[in-house]
Amino acid sequence: MSELRQNRATKRWVIVAGERARRPDDFKVKEVSKSLPAHDPLCPFCTGNEAKTPAEVLAMRVPGSSANSPGWQLRVVPNKFPALRPVGDLERREEHAFFRKMDGLGIHEVIIESPVHNENIATMTYRKVEQIMLTYRERYLHLGADTRFQQVTIFRNQGQRAGTSLVHPHSQLIATPIVPSNTRHLLEEAMRYYDDRGSCVFCDMIREELKAKKRVVLETMDFVVFEPYASRVPFETWIVPRRHNASFGNISPGEARKCARVLRRILGSMYQVLGDFDYNYMICTAPFKDANESYYHWHISILPRLTTQAGFELGSGIYITSAFPEDTAKYLAQSIGVGSRKK
Ligand SMILES: [Zn+2]
Ligand SMILES: [Zn+2]
């Protein structure tokens, strides 16, 4: 029997297709991923090829090494083919009094997570993932000081199905002079819920998930990891901090480290049960000006790309998923702790 389910925070409906429901172990990636070398001379992100990227804006380096040369553990560089560039102004212009446009003003950066070509964030050391998260935070704060930008979106595309062709481990961020409509939608729904109930919908959601105990994959002192009641895709996973906080920019370095360890544990466990799977993750956070609101709550959403969305999803915005989050969460929760070091 199919079910229509609604996510109370996003108001998005999904269909859990009961007739087509698959067991959690059916999603394991079957193709054997071809083994990659630790260094690829043709890869622009590999050590020795620093000149193939624009000059670094931040790097973690061994003492004595110079910028844009080997000797780094992590580099942040502007995207060579950026979606937006830091030129132009904020003026909105009308064309024929109806069409609207702006200069493509913004910042598009790449966080090269490791000098090792074939490393995978799901199996990296905890320390390296902490460095990545601390770098996200540092760039977020740096770009937040630029009054031209309203929001920074930090994201990771892993694998071809997630939209990347470069296998070298990296994430990206884009600072935009506008609030993206997805964020606007989430903010408005959260505000409506707050007006109606007097509480944050995300705080309520983690409380209810902990009470229901059906979809929680992992809980620590600071974070709750669960598969949303109305998951859009099989194994959709949210990492939500227990402390109410609208903005990723408000977290301390200590919280960033803890978040990194949780992210590493959950990705490690997904990697274990799903194999070398493709996914996107996004840090969902309030725009800079709403950083201290009571109604919004930052979180990380991981969307595995195990299935393909098609016309119905694009036309209706309703995702059809072929797995119950109760089943996939249970499966993941069982595997966690088996292969991921507790730290
Ligand atoms: Zn490489
Ligand atoms: Zn909250």
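Begin by selecting L263, which, leaving aside residues up to four places away in sequence, touches V129, I239 and I300. Bear in mind throughout that this is a predicted model.

Now widen the selection to the largest nonpolar core, which has 81 residues, and in which V225, I239, V262, L263, I266 and M270 touch the most other members. The element that gives the most to this core is helix α4, residues 253-274, with 11 residues. In soluble globular proteins, nonpolar side chains tend to be buried together.

Next, select the whole open sheet, whose 10 strands follow the order β3-β4-β7-β9-β8-β13-β14-β12-β11-β10 with antiparallel pairing. At its edges are β3 and β10, each of which pairs on one side only. On average, and with direction ignored, neighbouring strands of this sheet are turned by 15° against each other.

Within the sheet, pick out β7 (107-112) and β9 (170-176), which run antiparallel and are joined by six bridges; H108, for instance, has I174 in β9 as its bridge partner.

Finish at E56, in the loop between β2 (13-16) and β3 (58-61). Leaving aside residues up to four places away in sequence, E56 touches A67, N68, R75, V76 and V77, and the C-alpha atoms of E56 and V77 are separated by 4.4 Å although the two residues are 21 residues apart along the chain.

Note on methods
Residues numbered from 1 in each chain as written. Chains lettered and ligands numbered in written order. Predicted model: local features only at pLDDT ≥ 70, side-chain atom pairs only at ≥ 80, totals over all residues. Core = buried A, V, L, I, M, F, W, Y, C linked by C-beta atoms within 7 Å. Buried ≥ 20, exposed ≤ 12 C-beta atoms within 10 Å, placed from the backbone. Helix = DSSP H or I, 4+ residues; strand = E, 2+ residues; numbered from the N terminus. Contact = placed C-beta atoms within 7 Å. Pairing = 2+ DSSP bridges. Axes fitted to C-alpha atoms, helices over the stretch in contact; angles between N-to-C directions.
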